[in-house]
Every structure is written in structure tokens, then in C-alpha cells.
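Please open the model in a viewer and keep the selection panel at hand.

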Amino acid sequence: MSAEQNPTPEAAAAARAAEPRPGRLTAAAALAALEGLALAVGGAWMLVEGFTGDPDDRRSAVTGGITLIVLALLPLLAARGLLGRRSWSRGPAVITQIMALPVAYNLLQADSMAIPAGIALGVVAVAALVLLVNPATTQALGIKGPGRAQDGKQ
């Protein structure tokens, strides 16, 4: 087979980059970025409350805030990778959505103002998962399905 029939990975990536980015990929990146931003804002709020407020346990508030800010890096990096059409970025984005589903469920079990947050988080997580596993998204990221690594077909 000639090189024209089996392009190098670099040539395939360049060809994908020349095509317009699918709207589904952009939407998935936006949802991941939204989740990352929400985590960062929540973590910053916990930190500020831990330092300036009167929490029951200052150490827990500060630790929780730092943890949320660090966790915000995963969806934010995934969103940036999705926008840049990096194939590695789909994994962290999917993991973020899978981790968000039990959190949404727990928020829905609360008898408080957390129920609307649980609904919103659940809707965003399911929508992002649907967008991330969509064939157009997979193709735009250059991800080949099982058994297609050798034949070059998609």
C-alpha cells in the first residue's frame, strides 16, 4: 500500500485540523469548562469562608476548597484539549461526567435548595456524555473504534 492510502498520524491530524470543528465538540468543551469553572468558584468560596467566615471546622473548609480547586483542573484541561481537538481529552472529559452523576444523585436526595443544583448537574453531565460519545465528536478527535486501529477505516 502506498503512503497516500495510509497517511501518517501527523498527516491525519493536520487533515482533521483543516476541517471545521463540529458543534457537538464545541458544546462538549463548553459543558466541561462550565463544570470546571463551577468547581473552581465553589472551591474559592469555600476557601474564603474558611479564612474569613466562622465555619464549624476551619481546616475542613480550607481543605475542601483546595480540593475543589484542584479537581477543577481536570474538566478545564479536558475542555481545552477538546477545543484543540486532542484525542487524549475525551477520556478526562468522560471521567468528569461519570464522577458528576453520583454527585447529582446525592444532591437530589437532599431536602434543601440543593435539589435544583442536582437537576442542573445531572442534565449537564448526561448531555456532555451524549456529546462526547457522538460519532461526529469521535471522528473529529481522530479516535478509532475497537478493531479499527490497523485498517484505517472509521
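Select S89 and R86 first: a polar atom of the S89 side chain lies 2.6 Å from the backbone oxygen of R86. This is a predicted model, in which local features need pLDDT of at least 70 and side-chain atom pairs count only at pLDDT 80 or more, while totals for chains, interfaces and linings use all residues. Residues are numbered from 1 along each chain as its sequence is written, and side-chain values use heavy atoms, with hydrogens and water left out.

Remain at S89, which is located in the loop between α3 and α4 (90-109); helices here are DSSP runs of H or I with at least four residues, numbered from the N terminus. S89 is buried, because its relative accessible area is 0% (buried means under 20%, exposed over 50%, with a 1.4 Å probe and protein chains only). Next, display A78, G81, L82 and L141, which S89 contacts when its neighbours within four places in sequence are left aside (contact means heavy atoms within 4.5 Å).

Now select helix α2 (residues 23-52) together with helix α3 (residues 58-83). Their axes, lines fitted to C-alpha atoms over the stretch in contact, are 7 Å apart at an angle of about 165 degrees. The two helices are therefore roughly antiparallel (an angle over 145 degrees).

Finally, select L37 in α2. Is L37 buried or exposed? With 52% relative accessibility, L37 counts as exposed.

How values were computed
Axes fitted to C-alpha atoms, helices over the stretch in contact; angles between N-to-C directions. Parallel < 35°, antiparallel > 145°, perpendicular 65-115°, else oblique. Polar contact = N/O pair within 3.5 Å; in protein donor to acceptor, adjacent residues only side chain to side chain.
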